Amino acid sequence: MGQQPHCRSDEESLAVVTTCSSRKAFTPEPGLEGRSLAPGSLDLVGSEWLRRINEAKPVCRAADLYKGRGFSYATRAAGSGRLFTISAGLGFLHPDEVVPSYGLTVSASGADDDIFTKVRARRSPAAWWAVVNQSRYSSPLLEAFAGTGLVLMAVSAPYLNMITHDLQSLTESDRERLRIFLPGSHPVVPAGFEVNLMPYDERLNHPSSPLRGPLTDFAPRAALAFTRSILPDMPTAGPTAHAEAVSDWLAEVVASE
């Protein structure tokens, strides 16, 4: 207390939001995997899951829990800024939140820890999010917008769908700071957020591209490409100008073959 506020650089004020990963630094303790839950209604399964995770022993910071290529790209994109995680098991995680390890997903239909193999209802990531966002580890999504810089959201489509309601509550000024990165050539974003989508496509995997890789880590790779090739020269540009710059950069990648 009493310290002078720290003046953040452009990189330090940047926030990156990414999807959780199945690979983790710690093995989940018994009972903290989706496969261990009994089938039932959304309310029953959700209540039991919340009870378990809220009583579980935290093991490390959220920023240190997740492993794998995708999360590594997101970490590099964040640089000295903040890296938030959208977790299907714990909610919206601040990087410094100390959390338990777990295994649960909303995106892998039929996977062992897919929560919708247990919930007797239609697959609705948004409905599950309304449950898990009540966990004691979850923070408001608005925390990602607490700084002054851009918020780069590099996620999979199911996880973006999961937080649509949160996005729709953003102010116009916060929306102006949001950049969305999704896998696939024709990704779909919530209505009203089309301008926020950065148009990375299969050209990111062109032989001349410096950041080639699989579709599974496409979104965080695109965010890293953005921080390297677009943001340094256009730190204060709006979403439309950034999208045009991305299109120009991708065209140059192909032309440089």
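Select Cys60. Cys60 is buried, at a relative accessible area of 11%. This is a predicted model, so treat each stop as a reading of that model.

**Stop 1: the cysteines**

How far is the sulfur of Cys20 from the closest cysteine sulfur? The distance is 13 Å, to Cys60, which is too far for a bond, because a disulfide needs sulfur atoms within 2.5 Å. Seen from the other end, Cys60 has Cys20 as its nearest cysteine sulfur, 13 Å away, and is in no disulfide. Cys20 counts as buried too, with 12% relative accessibility. Across the structure, the disulfide count is 0.

**Stop 2: the whole chain**

Zoom out. Colour by secondary structure: there are 9 helices and 7 strands. The spans are about 55 × 50 × 35 Å. The radius of gyration is 18 Å, which agrees with the value near 18 Å for a compact globule of 257 residues.

Now switch to the surface. The accessible area of the chain is about 12000 Å², and carbon and sulfur atoms hold 52% of that. Of the 257 residues, 50% count as buried. Consider contacts with a separation of 6 or more: 71% of them join residues 24 or more positions apart.

Colour the charged side chains next. The chain has 24 positive and 28 negative ones. The centres of the two sets are 7 Å apart.

**Stop 3: Tyr102**

Select Tyr102. Look in the loop that runs between strand 5 (98-99) and helix 4 (125-132). Is Tyr102 buried or exposed? Buried: its relative accessibility is 1%.

Show what surrounds Tyr102. Beyond its neighbours within four places in sequence, Tyr102 is in contact with Cys20, from the first stop, and with Lys24, Pro28 and Leu32, among others. The contacts of Tyr102 also include Trp49, Leu65 and Tyr66. Ser87, Ala88, Gly89 and Leu90 are on the list as well. Pick Gly89 from that run and draw a C-alpha distance to Tyr102.

**Stop 4**

Move to the loop between strand 7 and helix 8, and select Tyr200. Tyr200 is buried, with a relative accessible area of 2%. Which residues does Tyr200 touch, not counting those up to four places away in sequence? Among them are Phe181, Gly184, Phe218, Ala222, Ala225 and Phe226. Ile230, Val246, Trp249 and Leu250 are also touched by Tyr200. Tyr200 and Ala243 are 43 residues apart in sequence, and their C-alpha atoms are 8.8 Å apart.

Step on to Asp201. Asp201 is in the loop between strand 7 (178-181) and helix 8 (218-229). Asp201 is buried, at 13% relative accessible area. Leaving out residues up to four places away, Asp201 touches Ser185, Phe218 and Leu250. Highlight Phe218 and Leu250: Tyr200 touches both, and Asp201 touches both.

**Stop 5: Ser72**

Finish on helix 3 (residues 69-78) and select Ser72 there. Ser72 is partly exposed, with a relative accessible area of 36%. Then select Asp217. Ser72 and Asp217 are 145 residues apart along the chain, yet their C-alpha atoms are separated by 9.5 Å.

Definitions and conventions:
Residues numbered from 1 in each chain as written. Predicted model: local features only at pLDDT ≥ 70, side-chain atom pairs only at ≥ 80, totals over all residues. Heavy atoms only, no water. Helix = DSSP H or I, 4+ residues; strand = E, 2+ residues; numbered from the N terminus. Rg over C-alpha atoms; globule rule 2.2 N^0.38 Å. Buried < 20%, exposed > 50% of the residue type's maximum accessible area, 1.4 Å probe, protein only. Contact = heavy atoms within 4.5 Å. Areas by Shrake-Rupley, 256 points an atom, 1.4 Å probe, with all protein chains shown as cover. Lys, Arg positive; Asp, Glu negative; His and termini not counted. Charge placed at Lys NZ, Arg CZ, Asp CG, Glu CD.
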